[in-house]
Amino acid sequence: MTRPDYAPGQSWTYRTRPGEEDSRLMIRKIDVEPEDGEVFHVSLPGVKLRNHRVPGGIQPAMHHAAVSRSTLDKSVLDAAGTADADESWRDGYAVWRQAYDNGDAGVFDLEVKDILGYIEMVVAASGEARP
């Protein structure tokens with residue numbers, strides 16, 4: 001199998017969690033870091049992320065995640081055209097960039113569906129919703 005040429009602006013189908021089959025992985029930006037190599041900044045519209053901090057308790061998108069090439073290789077299935085023009089990922093990227101530069105953030109190396117489960121676990125452990 002040849003390695004896909006991942007690029008910003010691409011949309012991919014991926015191995016989703018049950019009920020999220022219409023979700024797509026969108027590559028927003030690629031950084032190259034001395035410690036981690038290629039870092040892919042992705043967003044995932046169409047998920048049903050449990051989050052007690054949002055109205056209704058379900059977040060319909062994960063706007064930003066920093067992932068490795070191996071995450072993409074393990075997760076993506078087929079190219080699905082062009083990413084949407086949503087810019088919501090930029091805020092998450094800015095927060096990640098600052099934390100990463102300070103040594104306080106990293107890059108996911110898990111399959112995407114496992115990243116979503118991990119995020120849900122962290123959010124659930126973060127306490128009750130605030131009014």
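I began with the largest pocket, which holds about 240 Å³ of space. I used a 1 Å grid over the protein atoms alone; a pocket is an open set of points with protein on both sides within 12 Å along at least five of seven lines, while in a cavity a 1.4 Å probe fits but cannot get out. Volume is the space filled by probe spheres set on the points, joined across faces, edges and corners.

This is a predicted model, where local features need pLDDT of at least 70, side-chain atom pairs count only at pLDDT 80 or more, and totals for chains, interfaces and linings use all residues. Residues are numbered from 1 along each chain as its sequence is written, and side-chain values use heavy atoms, without hydrogens and water.

Next I listed the pocket lining (residues with an atom within 4 Å of a point): among them are Leu49, Gln59, His64, Phe108 and Tyr118. β4 (58-67) and α3 (112-125) each give two or more residues to this lining; helices (H or I, at least four residues) and strands (E, at least two) are DSSP runs, numbered from the N terminus.

Then I searched the whole structure for cavities of 30 Å³ or more and found one. About 50 Å³ of space lies in the largest cavity. Its lining includes Arg28, Pro45, Asp86 and Trp89, and β3 (37-50) and β4 each supply at least two residues.

Last, I checked Val122, which lies in helix α3. Val122 counts as partly exposed because its relative accessibility is 40%, between buried (under 20%) and exposed (over 50%), with a 1.4 Å probe and protein chains only.
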